[in-house]
Amino acid sequence: MDYNFGILSVKVQVTGTKITNVSIGAINDGGNFRSVSIDQQAIPLLEQEAMQAQSANIQSISGASYTSAGFIQSLQSALTQLGL
Amino acid sequence: MDQVTNRVKTLYHEEHVMGTVVTFDVYPGEFSDEDLLRESIESAVTILHDADDVFSTWKSESPLSRLRRGEIELDQAPLVVREVLDLCEVARSLSNGWFDPWSIPGGVDPTGLVKGWAAQRALEELHRHAIDGAIVNAAGDVASFGGPNGSSKFRVGIVNPAKPQTLACIVQSPGAVATSGEYERGQHLYDPFARTLATRSASATVVGPKLGLADALATALVIGGRDVLGAIVELQGYEGLIIEPDGSMRMTPAFPLVR
């Protein structure tokens, strides 16, 4: 069984009704799959000056999940009220 | 803000569901049938409520609650329960076990993925139409297609966990932007290896094509921190960002930061 998550393809083996194996489909990188350590890949950044949503050209906001009550105070709610 | 602002016409809807608020922003572009778009928003909203009715652990008679109590078996539950649990199994494997709905005391709890999965399905109702773009924002997990006009993609701000009234950065969305953290609701995330409520980072964001998987990976990433960043590097199309308690940020090399 194949799952499609965009360009990532995942192969899933099912035995009876249970998933018994999950593997990433072949990575098409010109045949060269490189495994690199996270220290080479991750780029630590110094804390940037916090940005104000009003001055940024954005259409939505992603943050930790809030409850209905929390929505009113959320940046996403403010963005809507600002009519951006 | 820029004085010459391109204010495009949008349709907006706010729905209280799944214990939170889900917002819709539809950018019709040249598409003129607003009534049809409103109908699609209604269909999308129904999808969210249906998911809530099946998966809510707050509803004692939801199929998931009954499954957790052992009152029904998986094959007696609606088919979507299996679909979601299979997706959880895949996410568990891809996250090297850091996303593990079976490890949480109280029974299997796919909550860390259901919101994104449902939002993605809801978005598909809008995708039927030849519009410039649409966004479904489910409590900070954002599914989208297209952009604010015919030529650009949506820009999504990421909340600064240390100062939640401001942004830490902005990303260009490839379709899904999911963020996980405890600064809104307090401790609720479970470390499956330490077997306790704990997170290593202040917040984590995963972007990629599909919000269900991005949601699960963001949950895994905030719990596991740098170890999980290494797992996400391996997943084509998915990129991750962690924001540490001291404000420093680490990300996978192709994370689509625009500012």
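**Figure 1. Helix α5(B), a covered helix.** In this predicted model, α5(B) is mostly covered, since 14 of its 14 residues are buried. The helix has 14 residues, and its first and last C-alpha atoms are 19 Å apart, close to the 20 Å expected at 1.5 Å a residue. After the helix comes G225(B), and the phi angle of G225(B) is positive, near 65 degrees.

**Figure 2. Where α5(B) meets α6(B).** Helix α5 of chain B covers residues 211-224, and it packs against α6(B) at an angle of about 145 degrees. The axes of the two helices are 6 Å apart. Which residues of α5(B) meet α6(B)? They are L217(B), A220(B), L221(B) and G224(B). On the α6(B) side, the partners are R226(B), D227(B), V228(B), L229(B) and I232(B). Sorted by class, this contact has six nonpolar, one polar and two charged residues.

**Figure 3. A sheet of eight strands in chain B.** The eight strands form an open sheet, and you can follow them in the order β1-β2-β3-β4-β7-β10-β11-β12. Their pairing is antiparallel. At the edges sit β1 (11-17) and β12 (249-251) of chain B, each of which pairs on one side only. Neighbouring strands of the sheet are turned by 10 degrees against each other on average, direction ignored. Helix α5(B) packs on this sheet, where it touches β4, β7, β10 and β11 (239-243) of chain B. The direction of α5(B) makes about 30 degrees with that of β7(B).

**Figure 4. Strands β4 and β7 of chain B, side by side.** What joins strand β4 (residues 141-146) to strand β7 (residues 176-181) in chain B? Two bridges do, and the two strands run antiparallel. Strands of a sheet pair through backbone hydrogen bonds, either parallel or antiparallel.

**Figure 5. Strand β5(B) and its two partners.** Strand β5 of chain B runs over residues 155-160 and is mostly covered, with five of its six residues buried. One partner comes from the other chain: strand β4 (residues 60-62) of chain A pairs with β5(B) in the parallel sense over three bridges. Here S62(A) stands opposite I158(B). The other pairing shown is with strand β6 (residues 163-172) of chain B, in the antiparallel sense over six bridges. Look for R155(B), whose bridge partner in β6(B) is Q172(B). Together β5(B) and β6(B) make a hairpin, with two residues between them.

**Figure 6. Helix α3(B) and its buried residues.** Helix α3 of chain B has 16 residues, 79-94, which should span 22 Å at 1.5 Å a residue. Its end C-alpha atoms are 23 Å apart, which agrees. The buried residues of this helix include V80(B), V81(B), V84(B), L85(B) and L87(B).

Figure 7. Side chains of opposite charge can pair when their charged atoms come close. How many salt bridges are counted over all chains? The count comes to 11. In one of them, the side chains of D53(B) and K59(B) meet at 3.1 Å, N to O. D53(B) is partly exposed at 40% relative accessibility, and K59(B) is partly exposed at 33%. Another joins R66(B) to E71(B), with the closest N and O atoms 3.3 Å apart. R66(B) is partly exposed at 30% relative accessibility, as is E71(B) at 43%.

Figure 8. The side chains of D227(B) and R200(B) meet in a salt bridge of 3.2 Å, N to O. D227(B) lies in helix α6 (residues 226-233) and R200(B) in the loop between β9 (196-197) and β10 (203-208) of chain B, so the pair ties together parts that are 27 residues apart in sequence. Both ends are partly exposed: D227(B) has 48% relative accessibility, and R200(B) has 43%. Elsewhere, salt bridges that share partners join E61(B), R66(B), R69(B) and E71(B) into one network.

Key
Residues numbered from 1 in each chain as written. Chains lettered and ligands numbered in written order. Predicted model: local features only at pLDDT ≥ 70, side-chain atom pairs only at ≥ 80, totals over all residues. Heavy atoms only, no water. Salt bridge = Lys/Arg side-chain N within 4 Å of Asp/Glu carboxyl O. Buried < 20%, exposed > 50% of the residue type's maximum accessible area, 1.4 Å probe, protein only. Helix = DSSP H or I, 4+ residues; strand = E, 2+ residues; numbered from the N terminus. Axes fitted to C-alpha atoms, helices over the stretch in contact; angles between N-to-C directions. Contact = heavy atoms within 4.5 Å. Nonpolar A, V, L, I, M, F, W, Y, C, P; charged D, E, K, R; others polar. Expected span 1.5 Å × (residues − 1). Pairing = 2+ DSSP bridges.
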